[in-house]
Amino acid sequence: MKRNISVLLIMICYCCFSQENNNNSYQLEGSYFYGNIYNHNSDISHLINGHPTGAFLSFNKKTFGLKDWEKKYNFPDWGLSFIYKDLKNEILGENYGLYVNYNFYLFKRNLQLTLGSGLALNTNPYDQDSNYLNIAYGTSLLSSSFIKANFIKNSIWKGLGFQTGLMFIHYSNGNTKAPNTSTNSFLINAGLNYQLNYKNINEYDREQDFTNYGEKIKFNFVFRTGWNQSDVIGSGTYPFYVFSAFIDKKLNYYSTLQFGADLFISKFLEEFISYTAIAYPESNLSGDEDYKRVSLFVGHELSIDKNGILFQIGYYVYYPYEFEKRIYLRAGFKRYFYKNKLFAVVSLKSHWAQAEAVEFGVGYRF
């Protein structure tokens with residue numbers, strides 16, 4: 001924990017010194033939280049016997065409309081957050097997470113909505129000898145995300161303000177290694193914020209933008225890959241490959257609609273079919289069933305500057321082996337490069353609450 005806090009402080013100090021040269025404005029936020037782990041899967045019932053607590057620290061850069069996206073989203077903040085969470089269970093241990101986040105404001109900037117995504121470190125993951133009961137976290141390194149809705153008041157007294165509200169935190173390793181039941185927590189939080197250089201805050205640039213951001217239909221090709229494992233502990237980790245082709249239509253600055261197809265080549269599923277045929281002869285499997293899957297999907301992309309927040313829902317039209325549900329979800333983050341044609345994407349594919357894979361991909365839009 002000391003190492004993580006030191007890194008965070010170094011980043012904060014760097015940004016503080018930088019603001020003297022570019023007249024930027026930054027805000028510090030600290031909160032304490034308390035709540036419950038949601039029993040989304042009966043298999044983790046034995047792990048829910050306390051009320052998680054922890055600390056939330058955040059360092060954010062304010063925006064004032066110097067770029068179009070800042071005006072479009074009512075001058076949001078963006079920055080880094082650190083979360084320490086005690087899960088109040090020796091089996092689960094503690095989590096330390098570092099996140100990239102956006103803060104959005106509503107109702108005259110009294111309601112703050114925060115979205116964050118990053119990585120977390122668990123102190124006591126599953127071990128077949130020393131910690132076989134922790135089926136929630138199969139690895140020390142976890143992917144994590146949070147959503148926070150706070151009533152907030154800034155600069156009430158000499159730059160000092162307060163916030164309080166609700167928070168949701170998710171931890172999972174994306175099935176890179178079994179077990180991976182994951183945890184979801186609902187929490188209440190309260191704390192203080194401090195506005196740096198509060199005596200010299202910039203004015204918001206509210207000049208209206210009448211640009212038509214709509215576009216003609218574009219074509220996209222994406223290749224995704226990664227590693228994952230079936231729910232059979234010790235069955236091994238295998239690569240997967242996803243080939244996607246889709247069209248999209250940008251309606252306005254915010255929204256782009258998508259329609260396309262995915263081809264999934266998941267080597268873990270090939271191994272799982274072979275295992276099931278041998279271990280469960282009553283399943284009437286030969287072990288040679290096709291493990292590939294083909295789907296159709298619809299999606300939506302929310303544009304934020306050169307970034308995109310992605311959500312898709314798909315249905316397998318070619319599904320020779322029944323694995324999980326036939327409907328799947330994908331949520332992810334995109335970053336555009338080279339005239340907004342080339343992009344990188346990180347996404348989580350799941351069958352409702354059951355994660356299948358964390359996908360890393362590159363694509364081209366034309």
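User: Leaving aside its neighbours within four places in sequence, with which residues is N220 in contact?

Analyst: The model is a predicted one. Contact here requires heavy atoms within 4.5 Å. Once neighbours within four places in sequence are set aside, the residues in contact with N220 are S244, A245, F246, I247, D248, F343, Y364 and R365.

User: Is N220 buried or exposed?

Analyst: N220 belongs to strand β9, which spans residues 218-228. Its relative accessible area is 1%. Buried means under 20% relative accessible area, so N220 is classed as buried.

User: What share of the residues of the protein chain count as buried?

Analyst: The secondary structure of the protein chain comprises 4 helices and 16 strands. Of its 366 residues, the share that count as buried is 46%.

User: What radius of gyration does the protein chain have, and why does it agree with a compact globule?

Analyst: The C-alpha atoms fill a box of roughly 75 × 55 × 30 Å along the principal axes. For 366 residues, a compact globule would have a radius of gyration near 21 Å.

User: How far apart do the centres of the positive and negative side chains lie?

Analyst: The protein chain carries 35 positive and 31 negative side chains. The distance between the centres of the two sets is 11 Å.

How values were computed: Residues numbered from 1 in each chain as written. Predicted model: local features only at pLDDT ≥ 70, side-chain atom pairs only at ≥ 80, totals over all residues. Heavy atoms only, no water. Helix = DSSP H or I, 4+ residues; strand = E, 2+ residues; numbered from the N terminus. Rg over C-alpha atoms; globule rule 2.2 N^0.38 Å. Buried < 20%, exposed > 50% of the residue type's maximum accessible area, 1.4 Å probe, protein only. Lys, Arg positive; Asp, Glu negative; His and termini not counted. Charge placed at Lys NZ, Arg CZ, Asp CG, Glu CD.
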